[in-house]
Amino acid sequence: MNKKQQIIQKMKIIHAKMRMQQLKDNPYGINNPEKGQGRILLLLSIQPNMPTKDIAYLLNIRQQSLNESLKRLEENEYIKRTPSPEDKRIMIVNLTDKGQEKANQVKKQNHNDYYILDNFSDTELSNLDNYLNKMLDNLPNLKESDLDAQMKNRFKRMKEYMGKERFEKIIKIRHNMFKNFHDFQ
């Protein structure tokens with residue numbers, strides 16, 4: 001294995017170990033506002049009385065995946081599903097009191113993986129930052145105009161569905177969830 005292959009292999013191992021630690025610390029993503037059940041709890045804390053179909057649409061997940069997460073949330077008494085009064089085939093989802101408490105905890109969580117850099121000096125961090133920037137420069141550029149158009153269209157549909165006030169709450173939460181990511185762009 002040449003040096004480049006060794007480095008890539010180490011990067012894959014770091015990624016895998018960090019992912020395993022995240023799963024160990026946070027099964028099902030319940031405490032993470034960026035993943036799984038945490039996203040569902042946050043959404044329901046902003047917009048109660050949501051049909052499952054709408055939750056799947058807004059979170060951009062398959063209905064089957066959503067139902068699996070909802071089952072776990074219901075088993076833990078974080079949500080309650082009830083048939084819609086207008087159409088018994090539609091299930092409406094709401095947070096329980098316990099679920100609202102958990103959603104509030106999730107909002108306060110500070111999720112980061114900074115621990116991996118704890119034993120680096122300032123000089124080493126600066127060097128690593130420079131190396132990572134070089135690696136990012138080697139990646140092909142995405143057509144941002146295509147991605148922007150898709151995102152704007154999706155946000156427009158979400159705003160129409162939810163109304164301006166609730167939409168802006170979700171965008172604020174989304175911004176806070178990803179602010180660390182955007183700081184590095």
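**A first walk through the model**

Mentor: Gladly. Reading from the N terminus, the elements of the protein follow the order α-α-β-α-α-β-β-α-α-α-α, with 8 helices and 3 strands in total. This is a predicted model, where local features need pLDDT of at least 70, side-chain atom pairs count only at pLDDT 80 or more, and totals for chains, interfaces and linings use all residues. Residues are numbered from 1 along each chain as its sequence is written, and side-chain values use heavy atoms, with hydrogens and water left out.

Trainee: What makes a stretch a helix or a strand here?

Mentor: Both are DSSP runs numbered from the N terminus: a helix is H or I over at least four residues, and a strand is E over at least two.

Trainee: Why is Ser-69 called buried?

Mentor: Buried means under 20% relative accessible area, exposed means over 50%, and partly exposed is in between, using a 1.4 Å probe and protein chains only. Ser-69, found in helix H4, has a relative accessible area of 11%, so it counts as buried. Leu-66, Leu-70 and Leu-73 of H4 are buried as well.

Trainee: Which elements do the buried residues of H4 pack against?

Mentor: They pack against helix H2 (36-46), helix H3 (52-59), strand E2 (79-83) and strand E3 (91-95). Contact means heavy atoms within 4.5 Å. Leaving aside neighbours within four places in sequence, Ser-69 is in contact with Gln-37 and Ile-40.

Trainee: What makes H2 a mostly covered helix?

Mentor: In H2, 9 of its 11 residues are buried. For the protein as a whole, 24% of the 185 residues count as buried.

Trainee: What is the second largest pocket like, and why is it called a pocket?

Mentor: On a 1 Å grid over the protein atoms alone, a pocket is an open set of points with protein on both sides within 12 Å along at least five of seven lines, whereas a cavity is a set where a 1.4 Å probe fits but cannot get out. The second largest pocket has a volume of about 170 Å³. Of its 12 lining residues, the closest to its centre are Gly-36, Gln-37, Ser-65, Ser-69 and Arg-72. Lining residues have an atom within 4 Å of a point. The volume is the space filled by probe spheres set on the points, with grid points joined across faces, edges and corners.

Trainee: Which helix gives the largest share of that lining?

Mentor: H4 does, with 5 residues.

Trainee: Why is Glu-77 called exposed?

Mentor: Its relative accessible area is 53%, so Glu-77 counts as exposed. Glu-77 is found in the loop between H4 and E2, and has a positive phi of about 60 degrees although it is not a glycine. Leaving aside neighbours within four places in sequence, Glu-77 is in contact with Thr-96, Lys-98 and Gly-99.

Mentor: Tyr-115 lies in the loop between helix H5 (97-108) and helix H6 (122-138). Not counting residues up to four places away in sequence, Tyr-115 touches Met-18 and Gln-21.
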